[in-house]
Amino acid sequence: MENFHDLIVNRRSIRKYSEEEIPADKVKTIMEAALMAPTSKSSRPWQFVLVEDSAKLEALSKCKEGGAGPIAHCSLAIVVAADVEASDPWIEDAAIAATYIQLQAQDLGLGSCWIQIRGRYTSTDIESETYVQNILEMPDTILPVCIITLGYPDETKKPQNTEKLLWEKVHIGTWQER
Ligand SMILES: Cc1cc2nc3c(=O)[nH]c(=O)nc-3n(C[C@H](O)[C@H](O)[C@H](O)COP(=O)(O)O)c2cc1C
């Protein structure tokens with residue numbers, strides 16, 4: 001594993017992927033990371049649907065009006081969902097698991113991108129959550145929060161620029177405008 005800070009500096013959203021498949025052991029490592037993510041009261045309300053089938057990926061890429069294109073050509077899409085009846089902070093729990101997936105993927109040399117589902121709509125005004133649930137035959141109470149696309153990068157991006165971090169967002173002791 002590379003130094004954790006370097007991993008965060010180097011992680012960028014990758015939206016273009018090569019055709020190379022992700023080996024099963026790497027998928028397992030990624031899902032282990034997701035299943036170890038912290039959750040409120042250890043309720044573990046998340047559910048994950050792994051999709052590799054190209055026809056399903058193509059259909060999922062139409063889950064919202066814009067910004068879902070990377071799903072069509074990724075090697076693996078992980079739909080990160082949660083049981084809304086299992087825990088009130090289900091959104092936070094799902095978001096943390098999604099972040100674990102992205103960071104674990106980065107450490108394995110994979111590219112990833114978060115595709116927002118919750119609160120989005122298709123071009124025909126269907127809720128993106130419902131659209132994804134229908135394609136993947138998911139129960140009504142399991143709401144998709146996001147889809148994490150994964151694959152070997154087919155684009156290079158500059159690392160984060162640590163010289164341009166928004167330090168004015170950081171307030172020490174009390175809220176003081178900087
Ligand atoms: C909550 C959230 C929603 C996002 N939704 C999308 C999306 O729907 N489509 C997309 O291509 N990227 C999406 N992204 C990726 C962001 O655009 C990206 O993280 C941001 O531009 C910063 O770039 P970086 O990840 O390379 O640092 C999302 C990221 C987050 C955290």
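The model is predicted.

## The sheet

Four strands form an open sheet. Their order is β1-β2-β4-β3, and the pairing is antiparallel. The edges are β1 (46-51) and β3 (111-116), each of which pairs on one side only. From one strand to the next, the twist averages 25°.

| Strand pair | Bridges | Direction | Example of partners |
|---|---|---|---|
| β1 and β2 | 6 bridges | antiparallel | W46 and A82 |
| β2 and β4 | 8 bridges | antiparallel | V80 and C146 |
| β3 and β4 | 6 bridges | antiparallel | S112 and L150 |

Strand β4 covers residues 142-151. Strand β2 covers residues 76-83. How many residues of β2 are buried? The count is 7 of 8, so the rest of the structure largely encloses this strand.

## Helices on the sheet

Helix α2 (residues 24-35) packs on the sheet. Its contacts there are with β1, β2 and β4. The direction of α2 makes about 165° with that of β1.

Helix α5 (residues 128-136) lies across β1, β2 and β4. It runs at about 75° to β4. Is α5 largely enclosed or largely open? It is largely enclosed by the rest of the structure, because 7 of its 9 residues are buried. Those residues are S128, E129, Y131, V132, Q133, I135 and L136. Their cover includes β1, α3, β2 and β4.

The spacing of buried positions can be read against helix geometry. An α-helix has 3.6 residues a turn, so residues three or four places apart point the same way. In α5, the buried set includes S128 together with Y131 and V132. It also includes E129 and Q133.

E137 follows α5. Its phi is positive, near 55°.

L57 lies in helix α3. Its relative accessible area is 2%, so L57 is buried. Which residues does L57 touch, apart from those up to four places away in sequence? They are V51, E52, I71, A72, C74 and A77. I71 is 14 residues from L57 along the chain, yet their C-alpha atoms are separated by 5.8 Å.

Helix α3 spans residues 54-60. S61 sits in the loop between α3 and β2. It has a relative accessible area of 14%, and buried means under 20%, so S61 is buried. Beyond its neighbours within four places in sequence, S61 is in contact with A68, G69, I71 and A72. I71 and A72 are also among the residues that L57 touches.

## Other loop residues

S87 is in the loop between β2 and α4 (90-107). Is S87 buried or exposed? It counts as buried, because its relative accessibility is 9%. Leaving out residues up to four places away in sequence, S87 touches S40, S43, P45 and D93. The C-alpha atoms of S87 and W46 are 9.5 Å apart, across 41 residues of sequence. W46 is the residue whose bridge partner in β2 is A82.

D125 counts as exposed, because its relative accessibility is 62%.

## The largest pocket

A probe calculation locates the open space. Rolling a probe the size of a water molecule over the atoms shows where empty space is left. The largest pocket has a volume of about 210 Å³. It is lined by 13 residues, and the closest to its centre are S18, E19, H73, C74 and S75. C74 is also one of the residues that L57 touches. How many residues of each class make up the lining? There are 5 nonpolar, 4 polar and 4 charged residues.

Methods. Residues are numbered from 1 along each chain as its sequence is written. This is a predicted model: local features need pLDDT of at least 70, side-chain atom pairs count only at pLDDT 80 or more; totals for chains, interfaces and linings use all residues. Side-chain values use heavy atoms; hydrogens and water are left out. On a 1 Å grid over the protein atoms alone, a cavity is a set of points where a 1.4 Å probe fits but cannot get out, and a pocket is an open set with protein on both sides within 12 Å along at least five of seven lines; lining residues have an atom within 4 Å of a point. Grid points are joined across faces, edges and corners, and a volume is the space filled by probe spheres set on the points. Ala, Val, Leu, Ile, Met, Phe, Trp, Tyr, Cys and Pro count as nonpolar, Asp, Glu, Lys and Arg as charged, and the others, Gly among them, as polar. Two strands pair if DSSP finds at least two bridges between them. Helices (H or I, at least four residues) and strands (E, at least two) are DSSP runs, numbered from the N terminus. Axes are lines fitted to C-alpha atoms, for helices over the stretch in contact, and angles run from 0 to 180 degrees between N-to-C directions. Contact means heavy atoms within 4.5 Å. Buried means under 20% relative accessible area, exposed over 50%, partly exposed in between (1.4 Å probe, protein chains only).
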